[in-house]
Amino acid sequence: MIEPGTSTTSTGTPSAVDALFPLTVGVEEEFLLIDARTLRVVPAAPLVLSTAAGLPHELHAEGTRYQVEISTPVADSAVTLRRELAGLRRTLARAARTHGCRLLAAPSPVMAVEGPLHLTDDEPRQREQHRRFGALTDTLVSCGRHIHIGTLDVDTAVAVSNRVRPWLPTLIALAANSPFWGGRDTGHSSWRAMAWSGWPSAGLPPHFTSTAHFRRSVATLLGSGAALDTKMVYWDLRPSGNWPTLEFRAPDMSPDIDTAVLQAELARALVATALREISEQRPDPPVRDDVLRLARWRAAHDGLEGFGLDPYTGAELPAADLAEALLDLVAPELAASGDLDHAARTMAGLLRDGSGAHRQRTAFARHGDLMDVLRHLADETEAF
């Protein structure tokens with residue numbers, strides 16, 4: 001990904017107050033490639049990327065040859081971000097069609113992957129990952145969206161992470177889009193969130209008492225063998241190891257671009273809200289880790305259509321109420337960045353029409369055929 005932001009203080013890193021405005025945003029999106037006829041995933045990434053090679057900095061290989069990834073340039077507005085996402089998706093979809101494939105913005109392949117897993121086998125790192133973690137690497141055939149908010153030095157990113165983490169379950173519920181996995185309904189709206197939690201370096205980030213605590217936590221993951229390197233720090237939220245950003249990793253991949261932009265708008269507004277609270281020297285809100293862990297599971301299970309847990313009290317609330325509470329919390333920052341109208345309109349549409357998981361189940365219910373789910377996902381992905 002291109003470095004999401006370059007402004008720094010004279011010491012080379014921005015302070016919390018300096019970082020308040022403007023905050024930049026960059027997005028990484030992962031896609032599956034499916035055969036246009038059979039709708040099964042195909043290991044066509046090298047061919048598709050070769051055809052789309054005109055944008056080498058924005059298009060990348062992923063962990064398997066069934067996947068491709070786009071990385072947007074740095075954006076300072078939601079309008080710019082949406083334009084970049086649409087353009088990159090269009091380029092990839094055109095390249096995929098050249099090779100008899102369709103682009104699928106879905107967290108899972110829906111149907112079981114047939115035959116041996118096609119990892120990106122020209123990278124020794126991938127082979128070592130498969131050797132050490134075995135069947136866990138099966139979950140690599142899944143797609144997420146990573147949102148980078150910058151520019152933040154690591155001290156500020158750690159402090160902001162502590163304040164943002166209570167809202168990660170709500171972001172998961174809003175993006176929930178993986179009810180089907182391995183050819184069946186999992187009973188969860190975001191099975192990707194659950195399957196990915198099997199990795200020892202994944203899930204909710206700790207509440208860090210300091211930057212030193214953050215660094216010790218990463219060192220423990222590496223020293224224990226739970227991660228090969230810092231790229232395998234798979235927390236739902238983390239200070240980026242490559243760029244001066246805070247990276248949101250929790251949301252499922254979703255086919256519609258407006259939901260993608262909404263997630264970026266909410267992430268940036270959450271960071272801006274946290275920065276303002278830090279500048280006002282407000283204490284971190286008290287959150288119990290056991291409650292937050294259960295809130296994450298409930299969000300993955302129920303998605304947007306059911307119930308969730310208030311991250312501060314543990315009280316059961318409609319997921320829609322939690323989504324609206326998040327919007328209310330960050331509304332001042334959304335208004336300041338010019339994103340409030342789009343965010344409110346997009347969220348209202350999700351609450352009215354249902355999450356991605358709901359729409360997938362609706363497509364399946366028509367004829368009880370998972371092929372209808374895959375066609376629905378491909379059509380939504382290619383509706384630029």
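Colleague: What should I know about the model first?

Modeller: It is predicted, so local features need pLDDT of at least 70 and side-chain atom pairs count only at pLDDT 80 or more, while totals for chains, interfaces and linings use all residues. Residues are numbered from 1 along each chain as its sequence is written, and side-chain values use heavy atoms, with hydrogens and water left out.

Colleague: Why is the pair Glu29 and Arg89 called a salt bridge?

Modeller: The term asks for a side-chain nitrogen of Lys or Arg within 4 Å of a carboxyl oxygen of Asp or Glu. The closest N and O atoms of Glu29 and Arg89 are 3.1 Å apart, and the pair counts as a salt bridge. Glu29 sits in strand β1 (residues 24–35) and Arg89 in helix α2 (residues 78–98), so the bridge ties together parts that are 60 residues apart in sequence. Helices (H or I, at least four residues) and strands (E, at least two) are DSSP runs, numbered from the N terminus.

Colleague: How many salt bridges does the structure hold?

Modeller: There are 28. Another joins Glu382 to Arg102, with the closest N and O atoms 2.9 Å apart. Glu382 lies in the segment after α13 (370–381) and Arg102 in strand β4 (residues 101–104), so this pair ties together parts 280 residues apart in sequence.

Colleague: What makes Arg102 buried?

Modeller: Buried means under 20% relative accessible area, exposed over 50%, and partly exposed in between (1.4 Å probe, protein chains only). Arg102 has 18% relative accessibility, so Arg102 counts as buried.

Colleague: And why is Arg361 called partly exposed?

Modeller: Because its relative accessible area is 26%, Arg361 gets that label. Asp185, at 35%, is partly exposed too. The side chains of Arg361 and Asp185 meet in a salt bridge of 2.9 Å, N to O.

Colleague: Now to helix α3. How do you know that its buried residues line one face?

Modeller: The buried residues in α3 (residues 124–133) are Arg125, Gln126, Gln129 and Phe133. Seen down the axis, they fall within an arc of 100 degrees, so they line one face of the helix. That arc is taken from the directions from the helix axis to the C-beta atoms. In general, an α-helix has 3.6 residues a turn, so residues three or four places apart point the same way.

Colleague: Which exposed residues does the face turned away from the buried side carry?

Modeller: Pro124 and Arg131. After α3 comes Gly134, whose phi is positive, near 55 degrees.
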